[in-house]
Amino acid sequence: MQLEPEPTVTPITQRAANRLHRRDQHSVRLEAVRKDRCEASFRQLYDYYAPRVASFLRQKGVEDRISHEIMQETMTRVWLKASQFDARKASASTWVFTIARNLFVDYVRRRKRAEVDFNDPMLVRDDVAGPDVRLDATERDDALKAAIGKLPPEQSEVLRLIYLHGMKQQAVAERLSIPLNTVKSRLRLALEKLRRLMEHA
Amino acid sequence: MAQYHPSEDLLAGYASGAVDEQTEALIAAHLTFCPACRRMVTEHEAIAGALLERESAPSASVAGVAAILNASPSRAPSTFNEPPLGTLSKIAPQPLARYVYEKTGEADTEGLNWTFYGPGIKRAILVGDEKGALVRLIKAEPGAVFPDHGHGSDELTLVLTGAYRDQTGRYATGDVQCAPAELSHQPIVEDDGVCFAFVVSEKPANPKNITAKIVQRLIGR
């Protein structure tokens with residue numbers, strides 16, 4: 001009697017499976033919306049992101065009514081444009097952030113945000129890291145989240161004001177009543193630490 | 001491959017949507033030429049995304065999600081009309097060509113309002129006026145020498161075609177020169193091609209002193 005050979009798993013698919021397994025729950029839900037238009041998953045995404053996006057906009061100084069509108073449009077795009085989500089390029093949170101940011105800029109300027117056009121004949125392609133060498137984006141973002149959680153609160157606060165709320169370093173110094181140089185050094189320390197922790201993830 | 005890049009602060013500002021529109025257009029154009037800076041921006045966006053998860057979150061409204069799920073599927077998100085882009089898109093990446101088009105209504109390089117700036121050098125002012133140009137395109141013939149000038153404020157120059165040199169280095173397509181307010185320089189365009197550049201400053205560039213101003217006028221007339 002002949003035994004069936006063990007099914008072989010190539011290292012690549014094994015790695016892909018691990019990645020899928022390790023993906024954060026929001027990215028998994030967004031994947032379900034993308035593939036199956038799963039309403040239950042979208043409801044969960046809405047419950048999670050809608051209040052966060054609204055809070056993010058309010059802290060940028062957008063009045064309540066408008067921030068609600070931009071938030072609602074952000075979530076509408078998540079629902080309608082889920083097909084554009086690519087978990088290899090960005091985690092769900094990063095993708096939602098970029099949609100909200102672009103709508104915010106469009107709203108403030110009343111024109112489209114300037115972004116790279118990937119069909120531009122002038123585009124210089126990135127030949128350093130193909131999809132296989134690059135760390136999967138959701139993996140990287142998970143490591144990043146964990147790393148931010150380990151920062152001292154005074155460093156993560158500076159990151160939050162600069163990255164999420166788009167404040168200039170000088171404005172951060174005024175808001176926190178600390179010297180500009182302290183803002184710079186907290187930012188530098190935080191970024192160094194994040195890069196180190198992500199490399200070891 | 002670009003050798004000179006915008007500062008990390010500027011890239012972070014771009015990622016968080018905090019820079020003004022002319023700087024945004026300049027950075028998006030540089031990113032078109034520079035994969036390394038694109039990776040940096042992606043990293044900054046990932047930091048912002050991770051921070052978004054840490055925002056405080058009261059509960060979401062039930063009506064809000066229902067409104068989205070019950071909307072008719074034909075409702076497409078609003079899109080902006082893409083302008084028809086002419087010869088401008090031969091010298092400028094799309095986001096910059098679009099910016100120029102939005103400011104001037106011109107899609108062709110030839111249609112811009114070019115004015116004399118020095119021998120072999122013309123400029124088209126997009127924001128500001130002759131006395132205080134804040135945003136402009138520069139077109140310099142091969143071998144052209146700029147008037148020696150100071151800045152009075154920080155200035156960003158993105159080279160689109162050709163190349164120029166000054167005491168700080170050689171700047172070619174895709175490079176961004178970040179000239180601090182205190183820099184005084186006299187860029188010289190290389191011999192082998194027309195140099196188009198996009199320049200953004202916070203305040204108008206000042207000719208170095210009154211003598212330079214007079215010399216500039218004499219040359220000009």
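Colleague: At what angle do helix α3 and helix α4 of chain A pack, and how far apart are their axes?

Modeller: Bear in mind that this is a predicted model. To read a helix pair, take the angle and the distance between axes, then the handedness, then the residues that touch. Here helix α3 (residues 39-59) and helix α4 (residues 64-80) of chain A pack at about 145 degrees, with axes 9 Å apart. Their crossing is right-handed.

Colleague: Which residues make that contact?

Modeller: From α3(A), the list includes F42(A), L45(A), Y46(A), Y49(A), V53(A) and L57(A). Facing them from α4(A) are, among others, I70(A), M71(A), M75(A), V78(A) and W79(A). Sorted by class, the contact has 13 nonpolar, three polar and three charged residues.

Colleague: Let me try another pair. How do α7 and α8 of chain A pack?

Modeller: Helix α7 (residues 153-164) meets helix α8 (residues 169-176) at about 130 degrees, and the axes are 10 Å apart. That angle makes α7(A) oblique to α8(A). The crossing of these two helices is right-handed. On the α7(A) side you'll find E157(A), V158(A), L161(A) and I162(A), while α8(A) brings Q169(A), V172(A), R175(A) and L176(A). Five of the residues in this contact are nonpolar, one is polar and two are charged.

Colleague: Now for helices from two chains. How do α6 of chain A and α3 of chain B cross?

Modeller: Helix α6 (residues 137-149) of chain A and helix α3 (residues 35-52) of chain B have axes that come within 9 Å and cross at roughly 60 degrees. The two are therefore oblique to each other. α6(A) passes α3(B) in a right-handed crossing. R140(A), D141(A), L144(A), K145(A) and I148(A) meet T42(B), A46(B), I47(B), A50(B) and L51(B).

Colleague: Stepping back to the whole interface, how many residues does each chain put into the contact?

Modeller: Count residues, then look at area. Chain B gives 62 residues and chain A gives 69. Between them the chains bury about 5700 Å², with 59% of that on carbon and sulfur atoms. On the chain B side, L52(B), E53(B) and I68(B) lose the most area to chain A, together 13% of what that side buries.

Colleague: What is the distance for the salt bridge between E24(B) and R113(A)?

Modeller: The side chains of E24(B) and R113(A) meet at 3.4 Å, N to O. The cut-off for a salt bridge is within 4 Å.

Technical notes. Residues numbered from 1 in each chain as written. Chains lettered and ligands numbered in written order. Predicted model: local features only at pLDDT ≥ 70, side-chain atom pairs only at ≥ 80, totals over all residues. Heavy atoms only, no water. Axes fitted to C-alpha atoms, helices over the stretch in contact; angles between N-to-C directions. Helix = DSSP H or I, 4+ residues; strand = E, 2+ residues; numbered from the N terminus. Parallel < 35°, antiparallel > 145°, perpendicular 65-115°, else oblique. Left-handed = near helix turned anticlockwise from the far one by under 90°. Contact = heavy atoms within 4.5 Å. Buried area = accessible area lost by both parts, 1.4 Å probe. Nonpolar A, V, L, I, M, F, W, Y, C, P; charged D, E, K, R; others polar.
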